[in-house]
Amino acid sequence: MQPVEAQKGVSTKSQLLDSLKVYLNNKSRLQPIIGLGSIIECVKAGTHNKEILFLCEVCVCQLNKADMRNHIMGSLHRYNYIKAWHPHLVSEWKEKSDLSKLAWPLMEMAKTLEEKEGPGDVQQ
Ligand SMILES: [Zn+2]
């Protein structure tokens, strides 16, 4: 059996996707994952070691891998992603809504979106 990466001819694979893979494949997971297509994985070449950073386009933030993992499952990311790509879904909400109170509806929306369009692909 050929690994998927080899079939697609992709030499680099996303470290973030790699670390999320087990979770994404977990059938009993609670958290939906959306908006990976808004995440850009970039390598910052330092003098001694390479540092991998992740940028979230919709939230305009720059995080390391562990923080980005948490970020993707957070309400802020879901809200910004839905607002950017599916604005009609949140058009009734006020601009400065208290996201902690909207965590549940955001999770439900994210679930529906993930079923429809999948988690997305990390940009490299
Ligand atoms: Zn984000």
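Helices here are DSSP runs of at least four residues, numbered from the N terminus. In this predicted model, Lys 13 lies in the loop between α1 (4-8) and α2 (15-25). Lys 13 has 16 C-beta neighbours inside 10 Å and therefore counts as partly exposed. Burial would call for 20 or more, and exposure for 12 or fewer.

The chain as a whole comes to 5 helices and 3 strands. Along the sequence, these elements follow the pattern α-α-β-β-β-α-α-α. The chain has 124 residues, and buried residues make up 20% of them. Its C-alpha atoms fill a box of roughly 45 × 40 × 20 Å, taken along the principal axes. Contacts were also examined by sequence separation. Among those between residues at least 6 apart in sequence, 57% join residues at least 24 apart.

The strands form an open sheet of 3 strands in the order β1-β2-β3, with antiparallel pairing. Strands β1 and β3 stand at the edges, and each has a single partner strand, so one side of each is left without a neighbour in the sheet. On average, neighbouring strands of this sheet are turned by 30° against each other, direction ignored.

Helix α3 (residues 65-72) packs on this sheet. Its contacts reach β1, β2 and β3. The direction of α3 makes about 20° with that of β2.

The pairing of β1 (residues 39-45) with β2 (residues 50-56) is antiparallel and runs over 7 bridges. Two partner pairs can be named within it. Glu 41 has Phe 54 in β2 as its bridge partner, and Val 43 stands opposite Ile 52 in β2. A hairpin through 4 residues joins β1 to β2.

Cys 61 in β3 is the bridge partner of Cys 56. The hairpin of β2 and β3 has 4 residues between the strands. In this hairpin, Val 60 takes a positive phi near 50°.

Two helix pairs were then considered. Two packed helices are described by the angle between their axes and the distance between the axes. The axes of α2 and α3 cross at roughly 60° and come within 10 Å. That angle makes α2 oblique to α3. The crossing of α2 past α3 is right-handed. From α2, the contact draws on Gln 15, Leu 16, Ser 19 and Leu 20. From α3, it draws on Lys 65, Met 68 and Arg 69. By class, the contact of α2 with α3 has 3 nonpolar, 2 polar and 2 charged residues.

Helix α4 (residues 75-85) packs with helix α5 (residues 103-117) at an angle of about 55°. The axes of α4 and α5 are 10 Å apart. The two helices are therefore oblique to each other. Their crossing is left-handed. On the α4 side, Ser 75, Arg 78, Tyr 79 and Ile 82 take part. They meet Ala 103, Leu 106, Met 109 and Ala 110 in α5. The residues of the contact of α4 with α5 divide into 6 nonpolar, 1 polar and 1 charged. An α-helix has 3.6 residues a turn, so residues three or four places apart point the same way.

Burial in α4 covers His 77, Arg 78, Tyr 79, Asn 80, Tyr 81 and Ile 82. Among them, Arg 78, Tyr 79 and Ile 82 also belong to the contact with α5. The buried residues of α4 pack against β2, α3 and α5.

Methods: Residues are numbered from 1 along each chain as its sequence is written. This is a predicted model: local features need pLDDT of at least 70, side-chain atom pairs count only at pLDDT 80 or more; totals for chains, interfaces and linings use all residues. Two strands pair if DSSP finds at least two bridges between them. Axes are lines fitted to C-alpha atoms, for helices over the stretch in contact, and angles run from 0 to 180 degrees between N-to-C directions. Two residues are in contact if their C-beta atoms, placed from the backbone, lie within 7 Å. Angles under 35 degrees count as roughly parallel, over 145 as roughly antiparallel, 65 to 115 as roughly perpendicular and the rest as oblique. A crossing is left-handed if the near helix is turned anticlockwise from the far one by less than a right angle, and right-handed if clockwise. Ala, Val, Leu, Ile, Met, Phe, Trp, Tyr, Cys and Pro count as nonpolar, Asp, Glu, Lys and Arg as charged, and the others, Gly among them, as polar.
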